[in-house]
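Subject: Structure handover

Hi,

Here is the structure for you to open. My notes follow below it.

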Amino acid sequence: MARVPLNFDETKPNIKERLKALGNLPAFLREVYLTSPALTISNTILRLLRSAIPISILYIGKLIIDEVLVLSSTKSDNLNQIYLLIAAEFGLMIISDLLSRGIALTDSLLGDLFANRTSIKLMKHAVSLDLAQFENATFYDKLERARQQTNGRTALLSQILAQGQDAITMGLLLVGLVTFNPWLIVLLLVSVIPSFIGEWHFNAKSYSLQRGWTPQRRELDYYRFIGASDETAKEVKLFGLSDFIIERFKSLSDRYFKENKKLAIERASWGSLLVAIGTLGYFGAYTLIIVDTVKGIVTIGSLTFLAGSFRQLKSLLEGILGRFTSISQGALYLNDLFEFYQIEPQIVSPVQAKPFPSPIREGFNFENVGFKYPNSDKWANRNLNFVLKVGEKLALVGENGSGKTTLVKLLARLYDPDEGRILLDGVDLKDYNLVELREHIGVIFQDFQKFNFTAGDNIAVGDIESREELPELERAAHQSLADTVIEKLPLKYDQPLGRKFSKGIELSGGEWQKVALARAYLREAEVLILDEPTAALDARAEYEVFRRFAELTKGKTAILISHRFSTVRMADRILVLDKGNLLEIGTHEELLEKNGRYAELFYLQAEGYK
Ligand SMILES: Nc1ncnc2c1ncn2[C@@H]1O[C@H](COP(=O)(O)OP(=O)(O)OP(=O)(O)O)[C@@H](O)[C@H]1O
């Protein structure tokens, strides 16, 4: 979707920039049309028809009054013409109501569909972006503002369509007015322009305020969430954090309220003054029409027609100008949405991507790999040189923060190295098809997601294509010991897990871990990565998991991260990381013999168990 580039301080757009943002509207309308061509066309036709109603009603009203005057002055009792006109007026009223309802209906249907379509597009785009982009606060501000656009823009749509409709109605009324007295146009402008200028000015201020407050609004949402959520309730209660969180929420929301209040008061005061000026213009026009009637320049019927037209024109013009400012404000908000769509992922498949080498022949080769997180100056991994042979089980060991998880994130191309490269069968990982690469690597992270889905779906997320294949799910559950957990659930594989929705059952940490582990087994991946998969398991379960792991991953390449040496020693080789650097690598025996860090940590833990 095209977007008008805005090179300015976007929190304080000036008039030119705001007009420029209107350039977003064609792209927006195109999106609306694509949402439902049938509804968009129906809505447009209904509005076109509806726009001719006001002048028709007014004109028939004029004809009725003139006819009444003729009849009463000639003392005629032939009322046929009058009855016909009244019937026509009645018919128009009914049609007008039907059209308005049709417009409201198509508006709301189109609005709902558009909001859904935008939400889906937003989710699709968000998931295509890099993890690195999610680690940036500015990105979250953009995402937040874009998300607001999904519902907020429904109103914009009705406004744009109503604008077109009112413009046509106004054009027709204006023709009538000009025919009688061109001066009325000048008075009309005097009666609406002052309040338009006021609206324009205050809408700009309100936009700046809203936009400038995006980070704080996110913060408020965060306090609202941690202050009242099942995920945080335990700690909030035990640590007695409620008052602390409420106080932070209160002080921030009070500041927001004060700023909003100041603007609202300013707006109301100026608004009253500007409307008074406008009313003066309105009464000027009214006087002019009355004087013309008294002088006999126009008929009494025309007096009612003109006064009615003028009143309607005034409110239409006010509506159009007022709406114009909110449409231009809406167009500025659209920038946020289109800007979000324009964020491009950096980690992508190359144009001529190589297929994943299935089966892998040699393995991975880390060549001087270094990586810093985007928001950090510290190397999370540096100078990594080692080979992970196909079929090998490699354990990663190291203190907290030594770079173990980062290493596997690089392997799965969640990030790309800043230095050096990772080769798979002699080819840079970046040259492979990204989707295939991720399909062939099964990773279970220590902070795996506990989805509030059914137990079956919680396993199926490992390979969502096999969601309907119960035997496959059962196989994976058996391999990861999750079957013992699921057997005890009343609804078995159909049991909703988590507490967010009704009928949901919460599992213990270890039970969740078994379910998550099944995801890795479900996916027939050639490379399996388990990042502290057993941290929450009891000793017996851990032993059993690893006995099976060794069997199940025969011939597969696997990486295992663990702080438990009983687990680690089952690996073919062990890589010890220290502050992101490779300190030692070798078999359990070799490293013990070396008597370095591994041996030190191993004996330290063994000591603890004595
Ligand atoms: N998303 C991130 N943004 C910035 N820095 C990060 C991020 N994730 C990790 N780090 C930093 O990178 C370093 C390595 O982290 P990593 O998660 O790889 O360690 P780890 O060895 O897996 O630790 P643990 O044993 O605690 O799981 C740490 O210093 C950490 O603070």
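Lys-579 is partly exposed, because 15 other C-beta atoms lie within 10 Å of its own. The cut-offs: a residue is buried with 20 or more other C-beta atoms within 10 Å of its own, exposed with 12 or fewer, and partly exposed in between, with C-beta atoms placed from the backbone. Lys-579 sits in the loop between S9 and S10. Its phi is positive, about 50°, although Lys-579 is not a glycine.

Two notes on the source. This is a predicted model, where local features need pLDDT of at least 70, side-chain atom pairs count only at pLDDT 80 or more, and totals for chains, interfaces and linings use all residues. Residues are numbered from 1 along each chain as its sequence is written.

On labels: helices (H or I, at least four residues) and strands (E, at least two) are DSSP runs, numbered from the N terminus.

**Other backbone points**

Lys-503 also has a positive phi, about 70°, and is not a glycine. Lys-503 lies in the loop between helix H17 (482-487) and H18.

The peptide bond from Ser-358 to Pro-359 is cis, with omega near 0°. Pro-359 belongs to the loop between helix H12 (300-342) and S1.

**The six-strand sheet**

Six strands form an open sheet in the order S6-S7-S8-S3-S9-S10, and the pairing is mixed. Strands count as paired if DSSP finds at least two bridges between them. Strand S6 (441-444) and strand S10 (581-586) are the edge strands, each pairing on one side only. From one strand to the next, the twist averages 15°. Axes here are lines fitted to C-alpha atoms, for helices over the stretch in contact, and angles run from 0 to 180 degrees between N-to-C directions.

Now the pairs. S6 and S7 run parallel, joined by four bridges. Val-443 stands opposite Ile-529 in S7. S7 and S8 are also parallel, over five bridges. There, Leu-528 has Ala-558 in S8 as its bridge partner. Strand S3 (residues 393-398) and strand S9 (residues 573-578) run parallel too, with five bridges. Ala-395 stands opposite Ile-574 in S9.

How well covered is S7? Five of its five residues are buried. Val-527, Ile-529 and Asp-531 are buried on one side, and Leu-528 and Leu-530 on the other.

Helix H13 (residues 404-411) touches S3, S6, strand S7 (527-531), strand S8 (557-561) and S9, and its direction makes about 155° with that of S7. H18 lies across S6 and S7, at about 175° to S6.

**The four-strand sheet**

A second open sheet has four strands in the order S2-S1-S4-S5, with antiparallel pairing. Strand S2 (379-389) and strand S5 (427-428) are at the edges with a single partner strand each, so one side of each has no neighbour in the sheet. Strand S1 (residues 363-372) pairs with S2 in the antiparallel sense over seven bridges. Phe-366 has Phe-386 in S2 as its bridge partner.

**Cores**

The largest nonpolar core has 68 residues. A nonpolar core is a set of buried Ala, Val, Leu, Ile, Met, Phe, Trp, Tyr and Cys residues joined through C-beta atoms within 7 Å. Among those with the most contacts inside this core are Leu-396, Val-515, Ile-529 and Ile-574. Helix H18 (residues 509-522) gives the largest share, eight residues. Another core lies apart from it, with 20 residues, among them Val-32, Ala-204, Ile-327 and Tyr-333.

Which residues does Ile-529 contact, leaving aside neighbours within four places in sequence? They are Val-408, Leu-411, Ile-441, Gly-442, Val-443 and Ile-559. Contact means C-beta atoms, placed from the backbone, within 7 Å.

**The ligand**

There are 13 residues around the ligand, and Tyr-373, Asn-400, Lys-404, Thr-405 and Thr-406 come nearest. A residue is near a molecule if its C-beta atom, placed from the backbone, lies within 6 Å of it. H13 gives the most to this shell, three residues. By class, the shell has two nonpolar, nine polar and two charged residues. Ala, Val, Leu, Ile, Met, Phe, Trp, Tyr, Cys and Pro count as nonpolar, Asp, Glu, Lys and Arg as charged, and the others, Gly among them, as polar.

Best wishes

Conventions
Two residues are in contact if their C-beta atoms, placed from the backbone, lie within 7 Å.
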